[in-house]
Amino acid sequence: HLQIGYDESGTREQIELAYQRCLVFSFVFALSSFIGTIYFGQRMTRPIQKLQKLTQAIAHGQYQTVVTVATRVGEIKNLADSIEFMRDELVSQSESMEHLALYDSLTGLPNRVLLQDRINQSIEGNHRNGERGVLTIIDLDRFKEINDSFGHLAGDNVLKKVAKKLGSMLSKVDTVARLGGDEFAIFLPDSSVEQAR
């Protein structure tokens, strides 16, 4: 009888060692993947959270908040640029709407709303100081005849020239406003009736 055998203990130890190394490697790989995922996830979510706060501020009318995000991620940078473009457009539209609400579109003069606001501010200030102001209403004679004879374009040109002339005669604290049609108002907050005449 011939019996051939070998000692299995060395092989088993090597298999156990390889198994342990494989477990350690798997654990280290899983841990590093988890840390990497958290790190890169935060690199993505922080700029997005900042953009979210900025867009909420813009939605609440805080148009002066400039949209800037420090990131190397191209998609987030493009999103930030798009939101900044949207903010710029909103600022421009808001200023345009405010101008339309307060100024006459033909002459560029303040309108009735802005005139009323300036009068109210002056009354409050003058009441404290005991000063007076003068409001003068001017109506152009025979303006309808100009429109009827030469057309509305000629009438518009007359209104523009009258507005320019009235504006050039007054100081910066005075207000010339177009009330509508051929009617203008001049508000002199620091004048007496004699000075206004």
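## Overall form

A compact globule of 197 residues would have a radius of gyration near 16 Å, but this chain has 38 Å, where the radius is taken over C-alpha atoms and the globule rule is 2.2 Å times the number of residues to the power 0.38. Along its principal axes, the C-alpha trace spans about 140 × 50 × 20 Å. The model is a predicted one, in which local features need pLDDT of at least 70 and side-chain atom pairs count only at pLDDT 80 or more, while totals for chains, interfaces and linings use all residues. Residues are numbered from 1 along each chain as its sequence is written, and side-chain values use heavy atoms, with hydrogens and water left out.

The chain has 6 helices and 3 strands, where helices (H or I, at least four residues) and strands (E, at least two) are DSSP runs numbered from the N terminus. Read along the sequence, these elements follow the pattern α-α-α-β-α-α-β-β-α. Of the 197 residues, 25% count as buried, a word that here means under 20% relative accessible area, whereas exposed means over 50% and partly exposed lies in between (1.4 Å probe, protein chains only). The chain exposes about 15,100 Å², and carbon and sulfur atoms supply 56% of that area, as computed by the Shrake-Rupley method with a 1.4 Å probe.

## The helix H1

Helix H1 covers residues 9-59, and at 1.5 Å a residue its 51 residues should span 75 Å, which agrees with the 73 Å that separates its end C-alpha atoms; the expected span is 1.5 Å times one less than the number of residues. Within H1, the residues Gly36, Pro47, Leu51, Leu54, Ala57 and Ile58 are buried, and the buried residues of this helix pack against helix H2 (74-102). Threonine 55 also lies in H1, but at 25% relative accessibility it counts as partly exposed. Just after the helix, glycine 61 takes a positive phi of about 90 degrees.

S2 (residues 175-180) is joined to S3 by 5 bridges, and the two run antiparallel, while S1 (134-139) and S3 pair in the antiparallel sense over 6 bridges; two strands count as paired if DSSP finds at least two bridges between them. In S3, isoleucine 186 is the bridge partner of valine 176, and threonine 136 stands opposite isoleucine 186 as well. Another bridge partner in S3 is phenylalanine 184, which faces arginine 178.

Because 5 of the 6 residues of S3 are buried, this strand is largely enclosed by the rest of the structure. S2 is mostly covered too, with 5 of its 6 residues buried. The hairpin of S2 and S3 has 2 residues between the strands, and there glycine 181 takes a positive phi near 60 degrees.

## Nonpolar cores

A nonpolar core is a set of buried Ala, Val, Leu, Ile, Met, Phe, Trp, Tyr and Cys residues joined through side-chain atoms within 4.5 Å. The largest has 10 residues in all, namely Leu109, Leu140, Phe143, Leu159, Ala163, Leu166, Val176, Phe184, Ile186 and Leu188. A second, separate core has 9 residues, among them Leu54, Val67, Ile76 and Ala80.

Valine 176, a member of the largest core, touches Leu109, Pro110, Leu166, Gly167, Leu170, Ala185 and Ile186 when residues up to four places away in sequence are not counted, contact being defined as heavy atoms within 4.5 Å.

## Residues in loops and in H3

Aspartate 104 lies in the loop between H2 and helix H3 (112-129) and is buried, with a relative accessible area of 15%. Leaving aside its neighbours within four places in sequence, aspartate 104 is in contact with Leu109, Pro110, Asn111 and Arg178. Arginine 142, in the loop between S1 and helix H4 (143-150), is exposed, with a relative accessible area of 60%. Most residues other than glycine have a negative phi, yet arginine 142 has a positive phi of about 55 degrees although it is not a glycine.

Serine 122 has its place in helix H3 and is buried, with a relative accessible area of 10%. The C-alpha atoms of serine 122 and proline 189 are separated by 6.3 Å, although these residues are 67 residues apart along the chain. For threonine 55 and glutamine 121, which are 66 residues apart in sequence, the C-alpha to C-alpha distance is 35 Å.
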